Amino acid sequence: MTRRGAASLNKSLAGFLAHEEPEKLLSLFAAKVRQCRGLGSVDFACALRACRGSGKHWPLVPGIHAKAITCGIGGDRIVGNLLIDFYAKKGLVRRARQVFEELSARDNVSWVAMLSGYAQNGLGEEAIGLYHQMHRSGVAPTPYSLSSVLSACTKAELFEQGRLIHVQVYKQGFGSETVVGNALIALYLRLGSFSLAERVFCDMPYCDIVTFNTLISRHAQCGHGESALEIFDRMRLSGWIQPDCVPIASLLAACASIRDLRKGKQLHSYLLKAGMSPDYIVEGSLLDLYVKCGDVEEALEIFSSGDRTNVVLWNLMLVAYGQITDLAKSFDLFCRMLAAGVRPNQFTYPCLLRTCTYTGEINLGEQIHSLSIKTGFESDMYVSGVLIDMYSRYGWLDKARRILEMLEAKDVVSWTSMIAGYVQHEFCKDALATFKDMQLLGIWPDNIGLASAISACAGIKALRQGLQIHSRVYVSGYSADVSIWNALTNLYARCGRSKEALSLFEAIVHKDSITWNGLVSGFAQSGLYEEALKVFIKMYQAGISYNVFTFVSSISASANLADIKQGKQIHARVIKTGHTSETEVANALVSLYGKCGSIEDAKVQFFEMSEKNDVSWNTIITSCSQHGCGLEALELFDQMKQEGLKPNDVTFIGILAACSHVGLVEEGVGYFRSMYSEHGVQPRPDHYACVVDILGRAGQLDRARKFVEEMPISADAMVWRTLLSACRVHKNIEIGELAAKYLLELEPHDSASYVLLSNAYAVTGKWAYRDRIRKMMKERGVRKEPGRSWIEVKNVVHAFFVGDRFHPLADQIYKYLADLNDRLEKIGYKQENHSLFHEKEKEQKDPTVFVHSEKLAVVFGLMSLPPSMPLRVIKNLRVCNDCHTWMKFTSEVIEREIVLRDVYRFHHFNNGNCSCGDFW
């Protein structure tokens with residue numbers, strides 16, 4: 001070919017390239033190759049540049065490369081630079097490096113191309129190594145080579161190396177270069193050093209749109225909405241840079257994140273005034289703004305005018321309806337989406353499933369789950385995570401677990417949802433086992449997972465595991481997370497570690513209602529009732545609003561202390577704050593009055609409730625049962641069934657106890673038999689113990705023994721203890737010894753077992769056997785729990801033991817008691833002999849040592865409280881026959897109500913009678 005012909009062909013190639021006609025250029029290049037005409041570096045360069053425009057020409061590049069090598073110009077600098085760029089952009093970094101090494105001569109373009117390739121693929125260390133090699137080769141850095149290596153440091157998060165290169169930038173005099181400044185800004189923004197990024201920005205003599213876009217986008221991503229908007233204003237006021245859609249989209253996202261609808265609408269107006277045609281990203285950002293700010297009508301308008309083929313817009317609109325919990329519109333929109341031929345993606349199903357979760361429509365959620373299976377999204381981690389959350393929240397834990405197990409790649413969200421579900425439904429051991437499984441797979445828990453695991457430890461008072469997770473919190477970098485601190489505070493409080501709980505509580509800078517409630521409920525659940533009430537008072541002093549959880553915990557604490565005065569004060573606070581309609585609070589109030597001996601107030605509270613659940617009915621039934629209102633408890637049980645509520649295991653404990661306390665033997669046995677046959681409730685050991693109590697109190701001990709022997713489950717200590725107690729009352733030593741034998745095997749260190757057997761021998765006059773049991777207790781180091789009674793007088797709780805002489809007013813108390821006994825004897829009271837002691841023991845002891853604690857408490861109350869006030873006494877053991885008789889006579893003589901709460905029930909003594917009907 002003549003020189004003129006070759007020049008003509010080269011000119012044609014350049015023309016096709018200039019007019020963006022790659023197919024013609026490549027066709028001409030192929031013809032030239034077939035004719036074996038002389039090919040030069042210009043031909044190959046044109047052909048490679050033609051392949052840049054469209055991805056469909058990429059497969060031709062390796063062939064062109066191979067032909068260039070055949071023609072002996074594979075090491076040509078111009079061709080090589082293009083090949084380096086091609087391979088790097090396709091992720092073929094090794095091949096790009098090979099071309100780089102085979103170049104016959106390298107220029108700045110070669111170094112920049114390779115550095116840029118490393119940067120694009122996140123290979124920061126390789127980029128830095130190449131940069132140092134370039135420096136050693138004597139090649140002077142250019143703004144573009146510095147920009148490329150800085151970008152590589154940013155992507156690989158090699159911030160220290162980036163700082164060192166920043167120093168070189170100033171030494172080389174490139175600090176004023178815009179491309180370098182942009183790379184430095186990106187580096188410091190990624191590092192989180194916004195002040196350094198601002199300093200670089202201020203030192204730049206000229207900023208382009210990339211500068212502003214980088215700053216705005218990063219500030220918006222980090223939630224610095226105000227800063228992002230300020231930079232945008234500076235961009236507009238600069239006069240020479242016209243904002244494009246990129247910063248607008250970022251700013252809209254920033255406004256959405258801080259729910260600033262006013263600023264968002266200003267940006268929307270700017271878009272319209274500037275005549276900018278929103279791309280799909282801006283459309284999505286606009287819709288996201290209105291959705292997050294709750295403006296559903298405007299969101300619908302944006303959606304209606306947007307690109308209906310964009311699945312993102314459909315998803316955002318589903319989120320909008322989900323936020324207002326409008327499931328009907330959500331589902332209708334989803335159906336329209338399918339009808340429009342828009343294929344759901346992995347974010348579509350979660351939008352719908354979350355709405356089903358919020359509205360409790362779990363059955364519809366199941367249908368959507370089935371659809372996700374059909375469309376192949378069930379195994380998607382995002383979809384599965386929401387499914388696990390939905391099922392676990394509503395107690396479908398087995399189904400949630402199956403989805404988790406099915407996932408090949410389980411992420412932290414899926415595991416955390418499962419753990420939280422277990423904790424929510426009080427399967428704390430399963431939660432901790434799942435937490436352990438997650439860690440064994442190398443998945444590091446997030447703050448929600450750690451908080452849930454700590455809550456699981458609190459639920460079962462697993463302090464040791466809780467301490468281990470506490471240490472993990474610091475390693476994980478979540479030591480400042482409030483939700484974790486709240487969970488830890490509750491853990492230590494529930495485990496009775498009040499000092500640690502209070503220390504953590506005080507260390508929390510920003511305490512919210514969850515923090516306070518966690519401490520109150522933790523103390524209440526661990527038996528530290530007084531501490532719980534102290535925190536409740538501090539909460540009021542700190543100006544923190546009470547909520548349902550606060551009231552339930554504080555009322556429960558008052559109930560367990562039998563502190564009716566404090567309980568009534570909290571009740572008044574409930575009324576003032578408008579929480580009386582809350583079912584949980586009302587249930588707690590019913591329990592409060594029931595446990596404090598005021599059964600009439602408990603009934604009033606119950607019947608005033610606007611909505612009652614099974615807990616409400618169980619509480620009032622149990623309260624009536626404990627107060628001797630057994631027949632009323634049975635009537636309430638019938639009403640409960642008429643209301644359509646299904647009785648549970650707790651209900652039947654109250655019903656069986658009611659039958660026991662009023663002597664309804666056959667009725668009680670009938671209720672027990674109906675538990676499973678009519679109501680599907682499987683009896684627990686507690687229910688069997690109640691039946692034994694029913695038979696035992698009625699003196700049917702042989703029947704009680706037979707019942708225990710025929711139990712389908714092994715009798716536990718409670719069953720045998722109940723039988724032994726009945727044997728003591730009815731002086732049946734044969735069956736009592738049998739019960740004691742099994743009881744001591746099950747609980748060899750429980751003092752109550754020894755005391756019951758010892759007393760059984762004493763009441764039957766078998767003193768040698770009684771002494772043997774006492775000796776056995778001493779040898780085994782078992783100590784009897786002393787009888788103790790309490791009464792509150794003028795906000796001070798006074799405690800008494802049997803024969804107590806330590807009270808400051810002991811002499812006056814015993815004198816008052818002696819005078820009172822004289823008055824009682826005149827109307828027929830006769831003190832029972834101390835049957836637990838034989839005659840010699842009685843002769844050797846001061847008679848006052850036999851005075852039981854409840855008598856002393858009642859006498860002190862008579863001396864100290866106004867005549868119009870009922871006496872409320874609490875005892876830690878069962879009241880004996882003599883004290884019971886004594887209190888009946890006392891209530892008649894002094895014409896005053898005495899309310900005694902012993903370990904089993906309440907006794908209301910009034911006008912010589914007891915609410916138990918002498919059956920306890």
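Helices in this account are DSSP runs of H or I with at least four residues, numbered from the N terminus. The model is predicted, so local features need pLDDT of at least 70 and side-chain atom pairs count only at pLDDT 80 or more, while totals for chains, interfaces and linings use all residues. Residues are numbered from 1 along each chain as its sequence is written, and side-chain values use heavy atoms, with hydrogens and water left out.

Asp288 lies in helix α17, which covers residues 280-292. Its relative accessible area of 15% makes Asp288 buried, a term that means under 20% relative accessible area with a 1.4 Å probe and protein chains only. Leaving aside residues up to four places away in sequence, Asp288 touches Ala256 and Leu316, where contact means heavy atoms within 4.5 Å.

Ser110 belongs to helix α7, residues 108-120. Ser110 counts as buried because its relative accessibility is 0%. Its side chain makes a polar contact with the side chain of Asn81 at 2.6 Å; such a contact is a pair of N or O atoms within 3.5 Å, and within protein one must be able to donate a hydrogen and the other to accept it, with residues adjacent in sequence counting only if both atoms are side-chain atoms.

Buried residues of α37 include Trp617, Ile620 and Cys624. Among the elements covering the buried residues of α37 are α35 (583-595) and α38 (630-642).

Note on methods. Buried < 20%, exposed > 50% of the residue type's maximum accessible area, 1.4 Å probe, protein only. Helix = DSSP H or I, 4+ residues; strand = E, 2+ residues; numbered from the N terminus.
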